[in-house]
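Hi,

Here is the structure I said I would pass on.

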Amino acid sequence: MEDTINLQTIINKDLMIINSDANSKEAILEDLCSLLKNKQYIEDQQQFLEDIYLRESEGITGIGEGIAIPHGKSESVSETTVAIATLKNKIAWETLDEEPVEVVILFAVKDTDATTTHIILLQKVATLLARESFINAIKQINNKEELYDLIINA
């Protein structure tokens with residue numbers, strides 16, 4: 001499998017929420033899905049949310065260190081992308097370390113991209129999240145420009 005995804009084509013500043021006031025997993029997923037719908041990356045917000053919760057029922061997406069990586073592959077996704085939120089206050093989430101979450105990276109994967117694109121995208125982000133310096137930096141982000149630069153230049 002060739003590593004052909006350029007993060008610059010997937011990461012979009014318009015799909016970022018900095019210091020969200022969301023106070024629950026449901027609220028932040030709703031906010032991120034609404035953003036994806038408004039920017040026309042998904043066609044059916046409710047269907048995509050259902051697909052995310054279906055994936056959530058299959059296993060924990062809170063990877064620890066305050067990070068969650070929920071994802072959904074769905075027919076309602078028109079273009080594979082990532083929506084990211086940093087949170088003002090930590091929220092409860094099912095996580096590997098049983099700690100709350102302060103950064104949510106939501107993968108929206110087009111159903112037809114589900115095999116290779118989904119895996120490569122997850123690998124690229126997992127590589128970033130394996131670095132403690134990246135995790136510390138993402139928690140300190142103050143604006144979309146900083147977040148975009150951190151991800152693209154990491």
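Below is what turned up when I went through it. Keep in mind that this is a predicted model.

**The cores**

The largest nonpolar core has 25 residues, and the ones touching the most other members are Val82, Ile105, Phe107, Leu129, Ile138, Leu147 and Ile151. Two or more residues come from each of helix 1 (7-10), strand 1 (11-20), strand 5 (81-91), strand 6 (101-110), helix 4 (116-129), helix 5 (132-139) and helix 6 (144-153). There is also a second, separate core of 24 residues, with Ile28, Leu32, Phe48 and Ile52 among them.

Leaving out anything up to four places away in sequence, Ile105 touches Ile67, Ala68, Ile69, Pro70, Val82, Ala83, Ile84, Val125, Leu129 and Ile138.

**Helix 2**

Helix 2 covers residues 25-38, and its 14 residues reach 20 Å from first C-alpha to last, close to the 20 Å expected at 1.5 Å a residue. Which of its residues are buried? They are Lys25, Ile28, Leu29, Leu32, Cys33, Leu35 and Leu36. These sit on the same side of helix 2, because they cover an arc of only 155 degrees around the axis. As a reminder, an α-helix has 3.6 residues a turn, so residues three or four places apart point the same way. The buried residues of helix 2 pack against strand 1, helix 3 (45-58), strand 5 and strand 6. Just after the helix, Gln40 has a positive phi of about 65 degrees.

**Rings and lysines**

I found zero aromatic pairs in the structure. Two lysines do lie over ring faces, though: Lys13 over Tyr148, at 4.9 Å from the ring centre, and Lys25 over Trp93, at 5.0 Å from the ring centre.

Ser74 belongs to strand 4 (residues 71-74). Its relative accessibility is 1%, so Ser74 counts as buried. Again setting aside residues up to four places away in sequence, Ser74 touches Gln47, Phe48, Asp51, Val109, Lys110 and Asp111.

Asn136 is in helix 5. At 38% relative accessibility, Asn136 counts as partly exposed.

Cheers

How values were computed
Residues numbered from 1 in each chain as written. Predicted model: local features only at pLDDT ≥ 70, side-chain atom pairs only at ≥ 80, totals over all residues. Heavy atoms only, no water. Core = buried A, V, L, I, M, F, W, Y, C linked by side-chain atoms within 4.5 Å. Buried < 20%, exposed > 50% of the residue type's maximum accessible area, 1.4 Å probe, protein only. Helix = DSSP H or I, 4+ residues; strand = E, 2+ residues; numbered from the N terminus. Contact = heavy atoms within 4.5 Å. Expected span 1.5 Å × (residues − 1). Arc of directions from axis to C-beta. Phe/Tyr/Trp six-rings, centres within 6.5 Å; stacked < 30°, edge-to-face > 60°. Lys NZ or Arg CZ within 6 Å of the ring centre and 35° of its normal.
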